[in-house]
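Subject: Structure for your files

Dear colleague,

Here is the structure you will be working with. My notes on it follow below.

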Amino acid sequence: MSATAIEALARDLRAAQRVLVITGAGMSADSGLPTYRGVGGLYDAGPTPEGVAIEDALSGEMLRRDPALCWKYLTEIERATRGRAPNVGHQALVKMAAHFKRFTVLTQNVDGFHRRAGQPDLIEIHGNVHGLHCTVCDYQTLVENYEYLSLPPACPQCSALVRPRVVLFGEALPSPELQRLETVLREGSDVVLSIGTTSVFPYIAWPVRNAARAGLPTAEINPGDSEVSQLVKYRIRAGAAQTLASLLDLLDRPA
Ligand SMILES: [Zn+2]
């Protein structure tokens, strides 16, 4: 781990008022979650046993056409989070927020760990697998564990299909989250951090790209290379949890 890069990043953060942190699957890797592709980062390459690509199984179209098949894979995403918990990296981000006027966390993760850790000003841009809602009426509920659901679940109010509040392949991003993100981007950020994500989605890479173009401090904390690795001021090739704990430690020290 590059101690000097973390120290220099901490110096830039001390001078910042508004910070945007973007997180992906690598953020939850230290909680024991896989970092493969797919909704919730669950799958490696290859089709499902049903012979469909995982992107098709976990699509809005499949949820309508074959809810049982879609729910089978939604359940696997939820199962990956069972018995897991937010790690020291999530906790460090919660504590870090107190140092700034605005500290927004934009996450692609659907595991809900940032929320469970108590992150204020959180944008779950791909949703949260634990929030369920009816596809027809206003019924909604929180479910920590899908184990006791009869699949595919039916609404207790109107018997229509219930689904998780996650963005499936082919679906639009949720508008309240998009609006909050647009507000944050309009306000601008003094520092932008990208943590544990390959930044393949344009709306994930853009804030980093834009900040780098404006000459603002940017950092990437990720063991591998990504779409933004060449653009950032600080390239920290390390895991999220330990790096964020070290960064918080530096911020907590008296200047
Ligand atoms: Zn309903």
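How many residues does helix α10 have, and how far does it reach from its first C-alpha to its last? Helix α10, residues 240–252, has 13 residues and reaches 18 Å, close to the 18 Å expected at 1.5 Å a residue. Please keep in mind that this is a predicted model.

The buried residues of α10 are Ala240, Ala241, Thr243, Leu244, Leu247, Leu248, Leu250 and Leu251. In general, an α-helix has 3.6 residues a turn, so residues three or four places apart point the same way. Two of the buried residues in α10, Leu247 and Leu251, are also contacts of Leu13.

Leu13 itself is found in helix α1, residues 3–14. It counts as buried because its relative accessibility is 0%. Ile125 is 112 residues from Leu13 in sequence, and the two C-alpha atoms are 24 Å apart.

On the overall layout: the protein chain is divided into domain 1 (3–32 + 86–126 + 171–252) and domain 2 (42–81). The centres of domain 1 and domain 2, taken over C-alpha atoms, are separated by 28 Å.

Zinc site

Which protein residues are the donors of the zinc ion? They are Cys134, Cys137, Cys155 and Cys158, each through SG, lying 2.2 to 2.3 Å from the ion. The spacing of these donor residues in sequence is C-x2-C-x17-C-x2-C. Cys134 lies in strand β4 (residues 127–134) and Cys158 in the loop between β5 (140–142) and β6 (162–166), so this pair ties together parts that are 24 residues apart in sequence. The arrangement of the four donor atoms is tetrahedral because they subtend angles of 101 to 118° around the zinc ion. For reference, the ideal angle for four tetrahedral donors is 109.5 degrees.

Is Cys134 buried or exposed? Cys134 counts as buried, at 3% relative accessibility, whereas Cys158 counts as partly exposed, at 33%.

Two polar side-chain pairs

Ser28 is found in helix α2, residues 25–29. With a relative accessible area of 2%, Ser28 is buried. Its side chain is joined to that of Asp111 by a polar contact of 2.6 Å. Not counting residues up to four places away in sequence, Ser28 touches Asp111 along with Leu33, Asn87, His90, Asn109 and Phe113.

Glu124 has its place in strand β3, residues 122–124. Why does Glu124 count as buried? Its relative accessibility is 6%, and the cut-off for buried is under 20%. A polar contact of 2.9 Å joins the side chain of Glu124 to that of Arg115. Beyond four places in sequence, Glu124 touches Arg115, Thr107, Gly112 and Glu177.

One more residue

Glu76 is in helix α5, residues 67–81. At 26% relative accessibility, Glu76 counts as partly exposed. Glu76 and Tyr146 are 70 residues apart in sequence, with 9.4 Å between their C-alpha atoms.

Regards

Definitions and conventions:
Residues numbered from 1 in each chain as written. Predicted model: local features only at pLDDT ≥ 70, side-chain atom pairs only at ≥ 80, totals over all residues. Heavy atoms only, no water. Helix = DSSP H or I, 4+ residues; strand = E, 2+ residues; numbered from the N terminus. Buried < 20%, exposed > 50% of the residue type's maximum accessible area, 1.4 Å probe, protein only. Polar contact = N/O pair within 3.5 Å; in protein donor to acceptor, adjacent residues only side chain to side chain. Contact = heavy atoms within 4.5 Å. Domains from an automatic or database assignment. Expected span 1.5 Å × (residues − 1). Donors = N, O, S within 2.8 Å, 3.2 Å for Na, K, Ca; no water. Tetrahedral: all angles 85-135°; square planar, octahedral: opposite > 155°, others 65-115°.
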